[in-house]
Amino acid sequence: MKTAIPCYYHLEVEISPERIDQVRRILAAHLRHWGLGILAERVCHCAGVLLGAIEEHGTDKNAVVEMWWNGQHLITAVSDNEPDLPRPHYGPQGCLAQIAALSDGWGNYPGTNGKIIWFSHRARCPERAPLAPTPPAPTLRTARQLPREVPVSALATPPEEEPVTIGSAPGAAQRSGGSWPKMVERTTASSPGSRTPSAT
């Protein structure tokens with residue numbers, strides 16, 4: 001069984017309301033390209049709520065979105081320069097509660113200048129096989145043979161015809177030594193139980 005090729009995507013973005021929708025479309029396109037389109041809606045929603053929280057409460061609007069896929073797990077991380085999320089986002093309707101409901105695991109840890117929030121999904125993608133033409137299905141009809149190549153000179157001259165006696169196969173009269181009526185007469189005379197018709 002072939003192992004999956006790890007995939008990684010990195011996007012730096014300055015957050016604004018219109019850029020959040022654009023980032024969601026970009027992430028969905030990459031997931032479909034990796035064969036993980038089934039996760040696009042959940043991943044884009046989780047990333048969107050995190051970017052929305054940064055756009056609403058953050059003083060620095062710069063953020064980084066990263067995605068890793070190792071063949072079994074997809075990990076998405078959003079990092080910014082704010083040390084922590086505002087308290088309402090930890091509540092039952094906050095963005096962290098939505099991420100916990102839509103992912104298989106999540107967490108946060110301090111970054112270099114701020115924080116990183118990540119979430120993961122279990123995912124497997126079918127192996128990418130190169131497209132190849134399928135052989136035609138067998139049928140009951142046999143294919144017609146291609147016409148043989150005939151030189152033009154042979155088509156220009158008519159073939160020589162052998163004289164044929166009417167009522168016999170070609171060459172039958174020469175092989176038998178007589179015409180067709182004589183052959184019939186000899187056959188009738190030699191058959192057992194046959195009677196020669198009397199002259200009237």
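Guide: Before we start, one definition: two strands pair if DSSP finds at least two bridges between them. Strands here are DSSP runs of E with at least two residues, and helices are runs of H or I with at least four, numbered from the N terminus. This is a predicted model, where local features need pLDDT of at least 70 and side-chain atom pairs count only at pLDDT 80 or more, while totals for chains, interfaces and linings use all residues. Residues are numbered from 1 along each chain as its sequence is written, and side-chain values use heavy atoms, with hydrogens and water left out.

Visitor: How many bridges join β3 to β5?

Guide: Eight, and the two strands run antiparallel. If you want a pair to click on, Ser 79 stands opposite Ile 116 in β5. β4 and β5 are joined by six bridges, and a hairpin of four residues links them. There, Asn 108 has Ile 117 of β5 as its bridge partner.

Visitor: And burial: is β5 mostly covered or mostly open?

Guide: Call a residue buried under 20% relative accessible area, exposed over 50%, and partly exposed in between (1.4 Å probe, protein chains only). By that cut-off, six of the eight residues of β5 are buried, which leaves the strand mostly covered. Across the 200 residues of the protein, 30% count as buried.

Visitor: What about α2, and what covers its buried residues?

Guide: Helix α2 (residues 40-57) has 18 residues and spans 26 Å from first C-alpha to last, close to the 26 Å expected at 1.5 Å a residue (1.5 Å times one less than the number of residues). Its buried residues include Val 43, Cys 44, Leu 50 and Ile 54. Among the elements covering them are α1 (17-33), β2 (62-69), β3 (73-80), α3 (95-102) and β5 (115-122), where a contact means heavy atoms within 4.5 Å.
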